[in-house]
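Please read the following report alongside the sequence and the model. It moves from the overall fold to the details of single residues.

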Amino acid sequence: MTKPTSGSRDDTKREFEDAILSAYYRGRAASDRESQEVDGLIRRRGQFEKLAGADPELFILHRCANIAASWLSFIAAGIVEEFADEENEGQPLDEQVAGLAFFSRLANDLWAIIELVEIGFDLQARALTRGFLEHVDVLICCTLDREVTTEFVGAIEPDAANQFWHRHVSKNKAKAKVSTFIAGELGRQSITIVDLLREDAELAASELLHPTVTAGLSTAFGHPDGEYESYGIFPLPLAASVGVFRSILIHLLWLSFAMGGQPRYASWEWLPLFQTERLKRNEEIERFGSLYRRMFGFLLDHQLLMHPDDDGHQTED
């Protein structure tokens, strides 16, 4: 088969525009179409800002999610700088490789979740949140166990990655370890607090990720609190999205117990992620890390993370 040339593809594109797109857009000019699409995006963002302005919890947790995404990005970018620094001549540490993989993914996913919520894709944000929580679980397990870290870093090929998942993640293995760890850090005998505080997020994500009638109908009819202009299948910002940010921030709080003074200081079985003096002494990293910790203190002081959830289940005393 002859491979199409660039010129022939250009001709195919023009033919597609004339035969298909012109009918789809009913002859509207490209500039008009783009203007309408941009106007719709701006309108939905405006709707979200209006909701956040009227709902203090949504406003605060949305802004805190942005701060968290920035901090995760800081760490990921810093590890990349570590790899490129002339001072760092040896092979990267296993925790640095794992840290780069985890923090890059967490930062990217959180930015995506924030964007989805802002433009009205609440269900899609909830679906993506499940993977975010699972990545945090495994990251916590890695910081607590160097052997798990080494195994994670070595699981590059699909078979090895699958074996790692079955050994450490499947059937709630990672979540169970996190529950036990957090209970110990909080001085509790019961280990149910992690489950209680992510129960709604996991249920919603499980229903949405699998081909169930519940997932389809919830999309068709939309959220009961949404004031839809037409059908629920079209995006609409929702005040209920505050639950997405709360689940994420609670789990990042658990992560902070495991990360301690990272990325500049050792934590549990991980050496510092930042090994070079240039990054250890970076004032902006110190400032932002301090802000990140104060953020959680504020959220806890004002009971914005741990309080009775929307279904009336009480968190532990």
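Predicted model: local features only at pLDDT ≥ 70, side-chain atom pairs only at ≥ 80, totals over all residues.

Residues are numbered from 1 along each chain as its sequence is written, and side-chain values use heavy atoms, with hydrogens and water left out.

## Overall fold

The protein has 13 helices and zero strands, where helices (H or I, at least four residues) and strands (E, at least two) are DSSP runs numbered from the N terminus. Taken along the principal axes, the box filled by the C-alpha atoms is roughly 65 × 55 × 40 Å. Of the 317 residues, 38% count as buried; buried means under 20% relative accessible area, exposed means over 50%, and partly exposed lies in between, with a 1.4 Å probe and protein chains only. Among the contacts (heavy atoms within 4.5 Å) with a separation of 6 or more, 69% come from residues 24 or more positions apart.

## The nonpolar core

In soluble globular proteins, nonpolar side chains tend to be buried together. A nonpolar core is here a set of buried Ala, Val, Leu, Ile, Met, Phe, Trp, Tyr and Cys residues joined through side-chain atoms within 4.5 Å. The largest such core holds 68 residues, of which Phe103, Leu110, Phe132, Leu252, Trp254 and Leu299 touch the most other members. Helix α11 (residues 242-259) gives the most to this core, contributing 12 residues. When residues up to four places away in sequence are not counted, Trp254 touches Ile140, Phe181, Ile182, Leu186, Ile193, Val194, Leu197 and Met306.

## Helix α6

Which residues of helix α6 (residues 146-154) are buried? They include Val148, Thr149 and Val153, and, seen down the axis of α6, its buried residues fall within an arc of 135°, so they line one face of the helix. That arc is taken from the directions that run from the helix axis to the C-beta atoms. The buried residues of α6 pack against α4, α5 (122-144) and α7 (158-168), whereas the face turned away from the buried side carries the exposed residues Glu147 and Gly154. At the N-terminal end, α6 is capped by Asp145, a side-chain oxygen of which lies 2.9 Å from the backbone nitrogen of Glu147.

## Salt bridges

Side chains of opposite charge can pair when their charged atoms come close. With a salt bridge taken as a side-chain nitrogen of Lys or Arg within 4 Å of a carboxyl oxygen of Asp or Glu, the count comes to 17.

| Salt bridge | N to O distance |
|---|---|
| Lys13 and Glu17 | 3.0 Å |
| Asp109 and Arg105 | 2.8 Å |
| Glu284 and Arg287 | 2.8 Å |

Lys13 and Glu17 both belong to helix α1 (residues 6-24), where they stand four residues apart, about one turn of the helix. Lys13 is partly exposed at a relative accessible area of 49%, and Glu17 is partly exposed at 31%.

Asp109 and Arg105 are separated by about one helical turn because they are four residues apart in helix α4 (residues 94-118). Asp109 is buried, at 6% relative accessibility, whereas Arg105 is partly exposed, at 38%.

In helix α13 (residues 283-301), Glu284 and Arg287 are three residues apart, so about one helical turn separates them. Glu284 counts as partly exposed at 35% relative accessibility, as does Arg287 at 43%. Elsewhere, salt bridges that share partners join Arg45, Glu115 and Glu118 into one network.

Glu49 is found in helix α2 (residues 30-54) and is partly exposed, at 38% relative accessibility. Leaving aside residues up to four places away in sequence, Glu49 touches His62 and Arg63.

## Cysteines

How many disulfides does the structure hold? The structure holds zero disulfides, a disulfide being a pair of cysteine sulfur atoms within 2.5 Å. Cys142 is in no disulfide, and the nearest cysteine sulfur, that of Cys141, is 7.1 Å away. Cys142 is buried, with a relative accessible area of 0%, and Cys64 likewise counts as buried, at 7% relative accessibility.

Conventions:
Polar contact = N/O pair within 3.5 Å; in protein donor to acceptor, adjacent residues only side chain to side chain.
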